[in-house]
Amino acid sequence: MGNNHSSSRQTHPSREQHIGVDTNTNHNHPTPVSHVNLRYHKYQPSLTKSVSSYETISSESPVWPPHNHRLNDSRSSPKLTVYAPLTPSISRQDPEARAYSAFLKSFPEYQSTWILDTLRRADFSRLDRTGETYVDYMGGAQHPESLVRIHSSFLNESVMGNTHSVSNSSMLSSHCADEAREAVLSFFQAPPGYTVIFTANATGALKLVGESYPFTTDSSYILGADSHNSVHGIRQYASSRGAEVHYIPSTSTGGFIVSTAKNVLRQHRPRNARSLFALTGLSNISNAKNPLSILKFASSLGYNTLLDAAALAPSSVISLSETPVDAMAISFYKMFGYPTGVGALIIKESFLETLERPWFAGGSVNVVQVPGSIVTRANNLHEQFEDGTINFMTLPAITDGLRFLSAYLPFLPLRLSCLSHYLVTSLSRLRHDSTGTPVVKILSRLPSRRLKSIGEQADCGSTISLIFLSPSGTMLPNSFIENTAVSHNISLRTGCMCNPGGAAALLGIEDQMEQLYPGVTLKDFECVVGRELGVVRISLGLASNFQDVWKVLTFVSSLADTSTRQALWNTWTNVPVGQAM
């Protein structure tokens, strides 16, 4: 009937095993990376020698794509061992090695992120073993193999039980849950007054706020058009209670103009009722990173503030001390790949106290009168919002995953900046052999500056949304691109990415969006537009390296070749050989 479990702490020897960090550090305060004792040192190469070996391969900067280079099967493409010495006589015949040498000369700062190449070999070797080129990090991060091993070892050595008890197994689970909450608060530099509610994912965290927020007929819900459907979905709760919903329009490359956002917020500022402003930290389709400073502005006007950080958290430093948002939603699988099925709402306790749950369930109550109407909520505030039993078996992996990511996050923005700039520049240069017209059109936001040193933060993400063009300039079907990419072992994403506002802005179909009617289907919408809806999305992340980018470029380059493209098209459509597109 209630939650009469103990919150007492219980130490457990196996929980002192941590991934890639000094085991003497405190769980609650991740060690600064300069003090981290990485366990991957046995893989560490001789950086100076290896780089010089690459640089002696060729003094020229090869033009992309390499002449007469054709893509047949990515599994047979040359393998590049990053920072491993190469034999010059052999390497000069390797387009990938020559391109990498030129890349290092153009982006020398990339070499300062060599520790991520070591990480790639130590924790993501399956990518090279399987020959899969994974460029869908916005959809989900790849899990580090050591995180799974450590967690598996802990589970094999531990007896864990439902947290709603006082048994030894339950106390261990409760301790691990408390430890995970503290790790989350520490990772995001949350000041006192915040708590953590574990959910199934970021969507579940956003839903908690939407269903519990005290909207009234005098309230407003403000959000950007370039937002995930989980943010748009809150408008259903707002509208059902009579609140007004107002959108901040998107630019043609996603995100919003700050002055426009401020005008919308001023125009609908709270007066007689509470109002909510939801900000998308980083768009999952347009690559636009909205300034977190707008949250402080909204708060100064009286809004409650909600940050969707699902796309932002995996590669950006977020400090709740500097940006004290009322609530923030995250998904851990997007940050470090494992476990899936666990997210969190990081929320001010003072804000949480004002939310009103529309129902109750096991785990969220202390006493329930049956028959009757009396309900006493659980003693701990966060438990009132965690329905049923939390995913206690996976929470220890959250603690280790955050410690893992904290060790490598400082290096990530610089590496992704180098790779993204190179990829965008190379894609933009590709031309069809028959007409000289572009092979792709990049639609997403491009970075305004190139990072030069570790610790800098980028002004946008590492996602590239684009469409592929035929020699005549018409859009090639996304389904053709996706199917062809799969045949070459490339994991990318196509579609609208559950972000219809951002997709409409990028594709220039906002007018058609306004003409939609109740009951419309995706097929109906595509008939109106006259083509498949959506984009091709390429997104980089923690395990990305030059080889991944090279394979993507080689794949796209193959579509510039008339005969190769025709053969791929015939395979996709089952058209007899010899019949043209």
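Predicted model: local features only at pLDDT ≥ 70, side-chain atom pairs only at ≥ 80, totals over all residues.
Residues are numbered from 1 along each chain as its sequence is written, and side-chain values use heavy atoms, with hydrogens and water left out. Helices (H or I, at least four residues) and strands (E, at least two) are DSSP runs, numbered from the N terminus, and two strands are said to pair if DSSP finds at least two bridges between them.

The contact between β2 and β8 is antiparallel and is made through six bridges. On β7, Met328 has Ile346 of β8 as its bridge partner, and β7 and β8 are likewise joined in the antiparallel sense, over five bridges. Strand β8 is mostly covered, with five of its six residues buried, where buried means under 20% relative accessible area, exposed means over 50%, and partly exposed lies in between (1.4 Å probe, protein chains only).

These strands belong to an open sheet of seven, ordered β2-β8-β7-β6-β5-β3-β4, with mixed pairing. Because β2 (194-199) and β4 (244-248) stand at the edges with a single partner strand each, one side of each is left without a neighbour in the sheet. Neighbouring strands of this sheet are turned by 20° against each other on average, direction ignored; axes here are lines fitted to C-alpha atoms, for helices over the stretch in contact, and angles run from 0 to 180 degrees between N-to-C directions. Further along the order, β3 (residues 220-224) pairs with β5 (residues 276-280) in the parallel sense over three bridges, and Tyr221 has Leu276 in β5 as its bridge partner.

Helix α7 (residues 168-187) lies across β2 and β8 (343-348), and runs at about 120° to β2. Helix α8 (residues 202-212) packs on the sheet and touches β2, β5, β6 (304-308), β7 (327-331) and β8, its direction making about 155° with that of β7; contact means heavy atoms within 4.5 Å.

Elsewhere in the chain, helix α18 (residues 500-507) is mostly covered, seven of its eight residues being buried, namely Gly501, Gly502, Ala503, Ala504, Ala505, Leu506 and Leu507. The buried residues of α18 pack against α9 (229-232), β12 (463-468), α19 (510-514) and β15 (535-539). Just after α18, Gly508 takes a positive phi of about 70°.
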